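Q: I have just opened this structure, and I'd like to go through it with you. Please start with how its elements are named.

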Amino acid sequence: MSSFHRAERRKSVAERSPSVSYAPDTIPQLAGLEKPQEHNLHIGECDVLVMGTGLVESVVAAALSWQGVDVLHIDNKTCYGDSNSTLTIEQVKSWCQEVNSGRIQHFEDAQVYVTGDIYHPQSKFKSKDYGIDLTPKIMFAQSDLLSLLVKSRVYKYLEFQSLSNFHIFENDSFSTKFANASSKEEIFTDQSLSLLTKRYLMKFLKFVLEDNNDEDKRKTLADNAKVTIYDFLSQKFNLETSQINELIYSIGLCIKPTTKTPEAIARIRRFLVSFNVYGNFPVLVSKYGGPGEISQGFCRSAAVAGTTYKLNTALTDYDPQLKLAKFSDKSSIKINEKLIVAPTQIPKFLQSSYNEITESLKKVNISRLVVIVKKDCKEWMADQECSAMVVFPPESLNSQNKTSIQALIQNGGTGVCPPGQSIWYLTSFEQDSIKAKQDLQCAFEKMESSILRESSDLDDVLDENLSVNKSGTSLVVNSVKLGKSLQNFVPKETLEIICKFGFTQKTYVLNDLSNVINPTDENNVSLRKTKDCEDIIFTNMPSSEISYDGIVKECKTIYQAITGSDDDFFDVDFEDDDEFNPAGFHQQPTTSSSNLKTSDNDMAIASSDDEDNAHPFGADEMEL
Amino acid sequence: MSFPNPPKAIKLVLLGEAAVGKSSLVLRFVSNDFQENKEPTIGAAFLTQKCTIGDKTIKYEIWDTAGQERFASLAPMYYRNAQAALVVYDITKPASFLKARHWVKELHEQASKDIIIALVGNKYDLVEDSNDELRKVSVEEGKKLAEEEDLLFFETSAKTSFNVNEVFIGIGSKIPDNSPVTETRPENGARIDLSSQPAQKSNSSCC
């Protein structure tokens with residue numbers, strides 16, 4: 001496959017318009033410089049056509065544009081975000097129809113229930129007061145995508161809030177022992193733990209935080225490459241099930257008990273090193289929506305660098321000899337280099353190529369249940385925060401769930417719904433989609449009774465605690481209430497539901513992200529060769545990962561497939577334009593492009609056997 | 001970080017048909033004050049310009065469409081939390097005035113209810129020297145639309161800078177003093193400042 005090398009491209013945006021000497025004395029007559037508004041695309045050619053405005057595609061469009069590639073970015077839908085969209089309730093309804101009529105590939109079994117409330121003319125809230133993510137995500141404070149957001153300046157379009165509370169459900173009650181600590185040192189100083197357990201926990205903490213190049217750590221991880229994290233923690237560190245569960249499923253956000261030690265350690269480390277990067281919390285969420293909002297930010301960045309945008313437009317034909325693309329608006333454009341095609345945007349004539357590429361790959365199901373409730377669920381959130389995580393470890397539900405259920409809760413303070421309401425995003429990794437639905441429903445019911453109980457005896461609990469603790473942070477209140485068992489609780493009221501929405505998504509990205517972190521032309525859709533047309537690069541459907549891990553690596557893989565190298569991926573050096581920043585505050589924190597290089601420098605465990613690439617979180621350090 | 005009088009940041013969005021002079025209006029407004037200082041940075045998320053009105057200082061964060069409006073593909077992000085908007089048309093192009101009506105409607109649907117909108121008829125220089133045959137949209141038409149929709153109204157020339165500053169001063173003086181910009185209200189969740197230096201990684205060098 002030929003690459004679109006540096007020398008063949010026009011100069012990067014920075015080279016074309018150096019940020020210093022830009023001071024026209026007179027404003028030129030602009031009439032005629034901008035093209036008149038058209039309804040069909042009147043550009044003769046472009047270098048790269050990107051189809052689908054999902055997160056990966058948007059980052060790639062921006063990365064290419066800033067380095068001088070002429071990009072046309074289209075989407076067959078009328079809104080931005082594709083599989084990562086943040087949708088209004090109305091949009092969710094029509095999305096479900098599209099899915100069920102088979103028009104959006106890789107999604108199926110979409111169901112939506114909306115109470116009549118929002119349609120009432122007198123209703124205070126309308127469909128557009130809601131922003132529902134198709135792929136809800138949280139961002140670790142120390143992560144490659146966050147570094148990229150800062151470096152690219154895209155963070156300026158966004159607002160981020162902190163998320164501190166990670167609740168874990170066990171023995172029919174919710175607990176938050178470690179994970180709502182305010183620093184990593186505090187995590188393991190829970191007073192209910194025995195001195196001995198504390199010592200083991202501290203030993204484990206030290207091990208996790210040990211430099212990944214440390215010989216002993218490398219050796220320990222390599223020796224335990226095939227050992228499950230559960231066995232590792234119980235045998236090496238003598239920890240008990242409840243501590244192990246919290247470490248694996250809440251802090252590590254692992255999804256199954258068979259998670260191997262290196263991957264789990266990397267996941268736990270990711271949580272710990274994220275403390276105190278931007279404050280005493282490990283995780284951030286973007287306001288008004290997750291990946292959908294961030295996609296829009298990168299699209300805007302791409303547009304600023306010259307990308308042309310057109311939504312509601314599909315590719316209808318492509319002639320590989322003439323490199324001519326035809327679109328649903330009847331226009332045709334010459335594509336000089338490559339076409340990047342999201343799996344939801346595949347035109348009919350490419351379907352067989354895509355089927356061939358994906359034939360031998362393992363398909364992964366992700367099932368989601370999204371519920372909008374009339375409660376702000378403050379009880380689950382840390383003081384001043386509007387989001388929380390609830391995790392149900394395997395086997396913790398009556399449905400005997402085999403994999404964990406992860407739930408992200410966001411209330412009106414995050415801008416995704418009106419005040420006094422919240423959106424619950426529950427995700428199951430169960431491959432049997434009927435079983436997944438049962439698990440999700442079961443988890444939802446537990447959350448429902450929990451929040452009803454907590455808000456029903458809220459006054460009592462508050463009085464009790466606030467009288468003791470005048471400065472009473474709600475953290476104190478939380479841990480008391482959440483410790484109660486749900487076993488004998490009979491709710492006096494029911495939870496008012498505004499919208500309930502569920503679906504199953506398919507992806508070829510494995511749950512451990514191994515085929516994204518170490519992509520080959522065997523395991524990754526984007527690197528598989530199409531027989532008929534070598535100009536086509538397919539992207540992946542979103543992974544099951546609740547964090548943004550893997551996104552930047554996916555983008556670089558595609559970027560590299562086009563340009564031959566990812567050396568100049570977002571090689572931009574923006575001058576700081578904010579004159580109000582005091583001295584010393586004014587450069588972005590993690591600048592040099594070498595910081596963005598992650599997985600190439602194989603830091604952690606040198607796996608003894610080469611075929612064993614299945615532990616990306618251990619095999620490569622995710623953090624920057 | 002505390003400053004004696006931190007200027008109030010106002011998000012202002014530009015709307016209007018292509019080639020009516022949206023960018024040049026902003027360039028005129030921003031570069032007049034920036035000339036001997038620093039130029040607007042390429043790749044800046046948005047252009048910023050301070051504007052002093054009486055005893056208050058406003059810092060405009062001006063979002064250009066970056067061409068995303070060409071095929072009517074502005075993202076919801078563009079309108080979100082915008083406190084002011086310029087809807088620009090070309091007084092020599094009637095179609096652009098029709099389009100301005102469309103954008104005003106779009107703003108009413110997409111933007112916050114209390115957004116301050118200025119309707120701006122640009123390219124006044126083309127009709128200045130009693131050269132009236134080029135004018136295709138009368139002052140009265142502009143005024144009428146502005147009154148109907150409760151908009152500020154200006155005719156400007158980005159080329160000669162006629163009335164340009166007045167647009168921004170006019171908007172600024174309508175911005176209420178107590179508008180909650182990015183205040184961190186407890187019930188609203190604290191905003192994290194990503195532009196500040198993150199704490200140095202405690203890279204676990206516990207030897």
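A: Helices (H or I, at least four residues) and strands (E, at least two) are DSSP runs, numbered from the N terminus. Residues are numbered from 1 along each chain as its sequence is written, while chains are lettered from A and ligands numbered from 1 in the order written. This is a predicted model, in which local features need pLDDT of at least 70 and side-chain atom pairs count only at pLDDT 80 or more, whereas totals for chains, interfaces and linings use all residues.

Q: OK, helix H9 in chain A: how many of its residues are buried?
A: Eight of the 11 residues of H9(A) are buried, so the helix is largely enclosed by the rest of the structure. A residue is buried with 20 or more other C-beta atoms, placed from the backbone, within 10 Å of its own, exposed with 12 or fewer, and partly exposed in between.

Q: Which ones are they?
A: The buried set in H9(A) consists of A:Gln243, A:Asn245, A:Glu246, A:Leu247, A:Ile248, A:Tyr249, A:Ser250 and A:Ile251.

Q: Take H8, then; which residues meet across H8(A) and H9(A)?
A: From H8(A) the residues are A:Ile229, A:Tyr230, A:Leu233 and A:Ser234, and they meet A:Ile244, A:Leu247 and A:Ile248 of H9(A). Contact here means that the C-beta atoms, placed from the backbone, lie within 7 Å.

Q: What's in the loop between those two helices?
A: A:Asn238 is found in the loop between H8 and H9 of chain A, and although A:Asn238 is not a glycine, its phi is positive, at about 50 degrees. A:Asn238 is partly exposed, with 15 other C-beta atoms within 10 Å. Just after H9(A), A:Leu253 also takes a positive phi, of about 50 degrees.

Q: Switching to chain B, what is its makeup?
A: Chain B has five helices and six strands, which run β-α-β-β-α-β-α-β-α-β-α from the N terminus on. Of its 207 residues, 43% count as buried.

Q: Where does B:Ala66 sit, and is it buried or exposed?
A: B:Ala66 lies in the loop between strand E3 (56–63) and helix H2 (76–79) of chain B, and it counts as buried, with 22 C-beta neighbours inside 10 Å. Its phi is near 55 degrees, a positive value in a residue other than glycine.

Q: Back to chain A: what order do the strands take in the sheet with E6, E10 and E7?
A: That open sheet of three strands runs E6-E10-E7 in chain A, with antiparallel pairing, where two strands pair if DSSP finds at least two bridges between them. Strands E6 (139–140) and E7 (160–163) of chain A stand at the edges with a single partner strand each, so one side of each has no neighbour in the sheet. E7(A) is joined to E10 (residues 283–286) of chain A by four bridges, and A:Phe160 has A:Ser286 in E10(A) as its bridge partner.

Q: Which strands are joined to E19(A)?
A: Among them is E4 (residues 107–114) of chain A, which runs antiparallel to E19 (residues 497–507) and is joined to it by six bridges, with A:Gln111 partnered by A:Gly502. Strand E15 (residues 364–373) of chain A is also antiparallel to E19(A), with 10 bridges, and there A:Val364 is partnered by A:Thr507.

Methods. Contact = placed C-beta atoms within 7 Å.
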